[in-house]
Amino acid sequence: MSLPPPGMAVHEVRMRLALRQAERAAEAGEVPVGAVIYNGGTLAGQAWNQTRTLKDPTAHAEILAITQAASAAGDWRLTDSILYVTKEPCPMCAGAIVLARIPLVVWGMSDPLRGGGLSRFRILQTPELNHRAEVIAGVLEEECAALIQGFFRRRRREGRNGDDAG
C-alpha cells in the first residue's frame, strides 16, 4: 500500500513530538532519540531511547514505538503507519521497520556512520527484502542534530565518551 505523504507542515508538527521524546531521553541520560508513530492518522506509539534505563540493548525509541503501535493496532503489520524519528534508524531499527511493513519513515538527521535506513546500509530500500519504506529525511534536521550534538559534547566534557550510537 502506498500512502500519500501529508504536507510538510504536518511532518514538522509530528517531528516536534518526536523531539519532545528525544528531550526526555536526554533528561534521563540516554542518547536523545525520540520516535512517534501515526497509524491511520492517529498517534499510536511514542517513545524515547531507554537502553540504559531498561538495561536492554534493543530499547531504541523506534523499537519501543513500533511495539506500542502494533499493540494498539492489534497487528504486527503497520501498513497504514508513518514513523517519525529524530535520527536515521540504526540497522536493527531499520530491520524492525521492514518487518512491521511501515510504508513511510520520516527522520530529522541522517547518520552517515551507522545509518541503517539509507545513509550507510540502505536497509529500507533493499530490493531483496519483502518490503521497502519510502523515506523523507531532513525534517527539522538542525534541531534534531543540535540535540544529539549537544548531548555528546556534554558527555565528552564529563569524560563519558562511550560508544553510544542511539
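This is a predicted model: local features need pLDDT of at least 70, side-chain atom pairs count only at pLDDT 80 or more; totals for chains, interfaces and linings use all residues.

Reply: Start with the positive charge on the surface. R153, R154, R156 and R157 gather there in a patch. R157 belongs to helix α5, which spans residues 141–157. Its relative accessibility is 62%, so R157 counts as exposed, the cut-off being over 50%.

Now the paired charges. Side chains of opposite charge can pair when their charged atoms come close. Here the test is a side-chain nitrogen of Lys or Arg within 4 Å of a carboxyl oxygen of Asp or Glu. By this rule the count comes to 3 salt bridges.

Take R16 and E143. They form a salt bridge, with the closest N and O atoms 2.7 Å apart. The pair links distant parts of the chain. R16 lies in helix α1, residues 8–27. E143 lies in helix α5, the helix that also holds R157. R16 and E143 are 127 residues apart. How accessible are the two partners? R16 has a relative accessible area of 37%, so it is partly exposed. E143 counts as partly exposed too, because its relative accessibility is 35%.

Another bridge joins D111 and K87. Their closest N and O atoms are 3.2 Å apart. This pair also links distant parts of the chain. D111 is in the loop between β4 (104–109) and β5 (134–137). K87 is in strand β3, residues 81–87. Buried or exposed? Both D111 and K87 are buried.

That leaves D75 and R77. They form a salt bridge with the closest N and O atoms 3.2 Å apart. D75 has 28% relative accessibility, so it counts as partly exposed. R77 counts as partly exposed as well, because its value is 40%.

S81 has a relative accessible area of 0%, so it is buried. What does its side chain touch? A polar contact of 3.1 Å joins the side chains of S81 and N39. S81 can also be placed against G41, which is 40 residues away along the chain. The C-alpha atoms of S81 and G41 are separated by 7.7 Å.

Then N49. It is found in the loop between β2 (42–48) and α2 (51–54). At 2% relative accessibility, N49 counts as buried, because the cut-off is under 20%. Its side chain reaches the backbone oxygen of V31 at 3.2 Å.

How far is G45 from R160? The two are 115 residues apart in sequence, and their C-alpha atoms are 31 Å apart in space.

D111 and K87 form a salt bridge and are both buried. R16 is partly exposed at 37%, and E143 is partly exposed at 35%.

How values were computed: Residues are numbered from 1 along each chain as its sequence is written. Side-chain values use heavy atoms; hydrogens and water are left out. Patches are made of residues with over 30% relative accessible area and no salt bridge: like charges are joined within 9 Å, nonpolar side chains (Val, Leu, Ile, Met, Phe, Trp, Tyr) within 5 Å. Accessible areas come from the Shrake-Rupley method with a 1.4 Å probe; for residues, only the protein chains shown count as cover. Lys and Arg count as positive and Asp and Glu as negative; His and the chain ends are not counted. The place of a charge is taken as NZ of Lys, CZ of Arg, CG of Asp or CD of Glu. Helices (H or I, at least four residues) and strands (E, at least two) are DSSP runs, numbered from the N terminus. Buried means under 20% relative accessible area, exposed over 50%, partly exposed in between (1.4 Å probe, protein chains only). A polar contact is a pair of N or O atoms within 3.5 Å; within protein, one must be able to donate a hydrogen and the other to accept it, and residues adjacent in sequence count only if both atoms are side-chain atoms.
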